[in-house]
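Let's take a walk through a protein model together. Have the sequence and the 3D view ready, and look up each part as it comes along.

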Amino acid sequence: MAPASTLTALAEEKTLESRFIRDEDERPKVAYNQFSNEIPIISLKGLDDIDGKRAEICKKIVEACEDWGIFQVVDHGVDDKLISEMTRLAREFFALPPEDKLRFDMSGGKKGGFIVSSHLQGEAVQDWREIVTYFSYPIRARDYSRWPDKPEGWIAVTEKYSEKLMELACQLLEVLSEAMGLEKEALTKACVDMDQKVVVNFYPKCPQPDLTLGLKRHTDPGTITLLLQDQVGGLQATRDNGKTWITVQPVEGAFVVNLGDHGHVCKIPLLCVV
């Protein structure tokens, strides 16, 4: 069997280990592929225009915030080839032998690397996922010893990907600043030297998926989350404190936008649990 700190071998088992089994009221309520089209999809094409196009886009984002608190953006300026490269490298990383992934084991409090379930300590039930995560911003705080060096190209592509997503996040924060009646740069100035954490999730085949979750119900820490789904889907959201859930429709090349806990403290009108 593979080391306990990977899911490689566990994915081939017939039954799920007890450490992953959730209480009945925590188990999936909606199928991962029962997609909903309720989440708004907003094109950012023309966001930089000084005519009425920007105002129209801002209005759509505010409406999405007030209605659902989560939305998807397309025409966002992040190159399709870069997204494809990042996706390819992520798949290749998780396909590496356990010993290669475990060179970046972040258990024991290490600040970045690879781990199963979560970097948080004391979780009673584990999530069915493998993750690689580390801080990419501020640049001076990067610890490249915690960044994977396999597959080839990971570091260079991740650096570029991080840069483009930081630019997109700042654009969206400008829109939210305007929606609050503030100067356009108010939120980005308030978040000077923002931390940016790269989190790449992998959810292997599960022997009993009806008993567990890839990632438990949560709100996102930080200010803003930009999430790239693959076409398998599985991201779920609620706006009534968990009474009902929907599965977010995957859109090729789109980023799902969700405001984190810090955004709530800033009283930005966005509410979502995913």
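This is a predicted model: local features need pLDDT of at least 70, side-chain atom pairs count only at pLDDT 80 or more; totals for chains, interfaces and linings use all residues.

Start with the three strands that make up an open sheet, arranged in the order S4-S5-S6 with antiparallel pairing. S4 (113-116) and S6 (196-202) are the edge strands, so to speak: each of them pairs on one side only. If you ignore direction, neighbouring strands here are turned by 25 degrees against each other on average.

What holds strands side by side in general? Strands of a sheet pair through backbone hydrogen bonds, and the pairing can be parallel or antiparallel. Here, S4 and S5 are joined in the antiparallel sense over four bridges. To find your place along this pair, look for Phe114, which stands opposite Val132 in S5. A helix joins in too: H4 (residues 154-179) packs on the sheet and touches both S5 and S6. The direction of H4 makes about 65 degrees with that of S5.

## Zooming in on Thr133

Now pick out Thr133, which sits in strand S5 (residues 130-137). Is Thr133 buried or exposed? With a relative accessible area of 3%, Thr133 falls under the 20% cut-off, so it counts as buried.

Who are its contacts? Leaving aside residues up to four places away in sequence, Thr133 touches Met106, Gly112, Gly113, Lys197, Val198 and Val199.

Which residues of H1 are buried? They are Arg54, Ile57, Cys58, Ile61, Ala64 and Cys65. Looking down the axis of H1, you'd see these buried residues fall within an arc of 120 degrees, so they line one face of the helix.

The face of H1 turned away from the buried side carries Ala55, Lys59 and Glu66, which are exposed. As for the buried residues of H1, their cover includes strand S2 (41-43), strand S3 (70-74) and H4. After H1 comes Gly69, with a positive phi near 80 degrees.

Definitions and conventions:
Residues are numbered from 1 along each chain as its sequence is written. Side-chain values use heavy atoms; hydrogens and water are left out. Helices (H or I, at least four residues) and strands (E, at least two) are DSSP runs, numbered from the N terminus. Buried means under 20% relative accessible area, exposed over 50%, partly exposed in between (1.4 Å probe, protein chains only). Contact means heavy atoms within 4.5 Å. Two strands pair if DSSP finds at least two bridges between them. Axes are lines fitted to C-alpha atoms, for helices over the stretch in contact, and angles run from 0 to 180 degrees between N-to-C directions. The arc is that of the directions from the helix axis to the C-beta atoms.
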